[in-house]
Amino acid sequence: MARLPSIHRAAALFVAFSLSGHVAFAQQSRPGTRVGATDSVGGTDSVGGRSKGPILRGEIVVPNLDDNNGNGVADFLDEIPKNPAESPEFTKIQIDARDAASISFRVASTQFDGDLWRELVRAFIINDDGTSARIPEKGALDLQAGQGKSDLSIYFEVGDFAGGGRPKMVTGAIGIHPSLTNNNSHREVIFEFPVAPFLVSCCLDPAESVHVVKTKITERFVTDLDKALAGTGARLEAFEDKDLPNHDIWMQDAVEIGYAAGPRGFVNFALAGNRGKKLDELFEKKYLTKKRATIRKARFRGDAMQWIDWYGNLEASPPARVDGKNYPFGRVYAGTQGERAQNPDIIKFIEEQCAQGPVAWVDTSWLVIGHVDEIVSWVPARAGTPYRMLVASPKLAVALLQKAEKDSPGGVIHRGIGGKDASSAERPVAGILNDAAFMQKQLDLQTKIDGIVKLLQKDLGVADGDVVPMPVLFNDSLKEYKNRFVAETPDIVNSLLVGSRLIVPDPHAPLVNGKDIFLEYMRSKLEPLGCDVRPIDDDVPYHRWLGEVHCGTNATRAPRTDIK
């Protein structure tokens, strides 16, 4: 039953320029300047009395790392762009080049970035025939007749996100070089533009595609999932590859799919997995297409980390307000098991985006796998707060079983499950309720979960009334993981949200009046909020190998339109 690590389951800048042998100077850009505006900062150079001129600020730009031409290589690495004016991956700076014979550009050195943007910025102009011409960072681009005009547009792209010493703002200078016969001297125009942050998608974001691994052991699940998605508008993308091992099925853990957005659109980014598994590598390569990019920010740290670096242990909340601070794109949270915690390189990258951090930490040391998606998930709500936080509750599971045994004696958990591949045989409810040690463990776990949830509420700004417990029993039957638990009953918190449809593992709980008591409880709480709850049998292979629906799926999601 165990999922083993070897088999199974991330203000203004003070800018100092020293360009082309010209005088160095420093200028602080004004706070509060609207993105996309031209920020004209007056002043006079302290050496020679020259005017500094305006600092031109471009719109926020998305790293150009998708593959528009389908050659399997990120566009920043190989492509001369065709339509930069229409792409979110380019930002435009307009300069007065009426007297220019050639132009150049240089990314500035700052006291913060140590030149780390220098190899990651490219600049272009559009020729009269619609083609693009690259402006070299060393040397200059000769302008064609008629290109030297008062509103020459220069388009910039970048090849990575902020982080690793790179600030959120790219700064530099455009060199304007008159002809030898022109009396005007060489001059520079200072520019800056922000780089869009990588954002971890929240499950409430609109799902455009759902990803799942298709191997021999998941074929039935994939078929059922396709049916469950009907009418949601999301398409199913079943991942197959001849080099993929049959058991490498944990799509949620193999990749963290997020996005970056600018004024003219967004691009999805897949943060590559760090499990040291084949699926991580294969999906990273195949995901790279038009409007889909891949990035890698960490590496496999070895089996000693068990499952802690897998991406079921990295999630984003809905928009939040915590201690006076707004998180319009949600806050990222992750689990920790004592000395083990989500990969520090991934955490550092996310926090350097300055959008969804600092990361909120959750104690998952009491779980075998140790992922936050085992105990917390989210659903939309059409009344009150626009979301609810679902949390696993063994105490609630016990209470529902007690009532069911009273109302309809003789019920079983793992109802209808059997055969050599099943996770467990049917277990009479009466036997479970009479197992004093098992019952005490459920109560003890509830106390632990209650404390965890209270801390998470504080870190994510969730009110008591927006927490909805869901019935899940846990057991500690895996003796090699002392005092660590797995879900005994299918963990219905570990679910897939697509719009208002919540696809949950079939609980296989006892029937009362012909209805599954866990499923009916879930529906009674969530359907009034507008959720359409759809069960799907995931016992083989997911629950059997200590995962559920969420663990086995992933989604490419668009940004929400109601976030400003």
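## Salt bridges in the model

The count of salt bridges comes to 30. The structure is a predicted model.

One of these pairs is Arg 275 with Asp 248, whose closest N and O atoms are 2.9 Å apart. The two residues belong to distant parts of the chain, 27 residues apart: Arg 275 sits in the loop between strand 16 (265-272) and helix 4 (278-287), and Asp 248 in the loop between strand 14 (235-239) and helix 3 (251-254). Both Arg 275 and Asp 248 are buried.

Glu 488 forms a salt bridge with Arg 427, with 3.2 Å between the closest N and O atoms. Glu 488 has a relative accessible area of 8% and is buried; Arg 427, at 26%, is partly exposed.

Asp 476 and Lys 441 also meet through their side chains in a salt bridge, at 3.0 Å from N to O. This pair links distant parts of the chain, 35 residues apart, with Asp 476 in the loop between strand 29 (474-475) and strand 30 and Lys 441 in helix 8 (residues 436-460). Asp 476 counts as buried because its relative accessibility, 17%, is under 20%. Lys 441, at 29%, counts as partly exposed.

## Strand 4

Strand 4 (residues 91-95) has a covered face made of Thr 91, Ile 93 and Ile 95, and an uncovered face with Lys 92 and Gln 94. Strand 4 pairs with strand 9 (residues 152-158) in the antiparallel sense, over five bridges. Lys 92 has Tyr 155 of strand 9 as its bridge partner.

Key:
Residues numbered from 1 in each chain as written. Predicted model: local features only at pLDDT ≥ 70, side-chain atom pairs only at ≥ 80, totals over all residues. Heavy atoms only, no water. Buried < 20%, exposed > 50% of the residue type's maximum accessible area, 1.4 Å probe, protein only. Helix = DSSP H or I, 4+ residues; strand = E, 2+ residues; numbered from the N terminus. Pairing = 2+ DSSP bridges. Salt bridge = Lys/Arg side-chain N within 4 Å of Asp/Glu carboxyl O.
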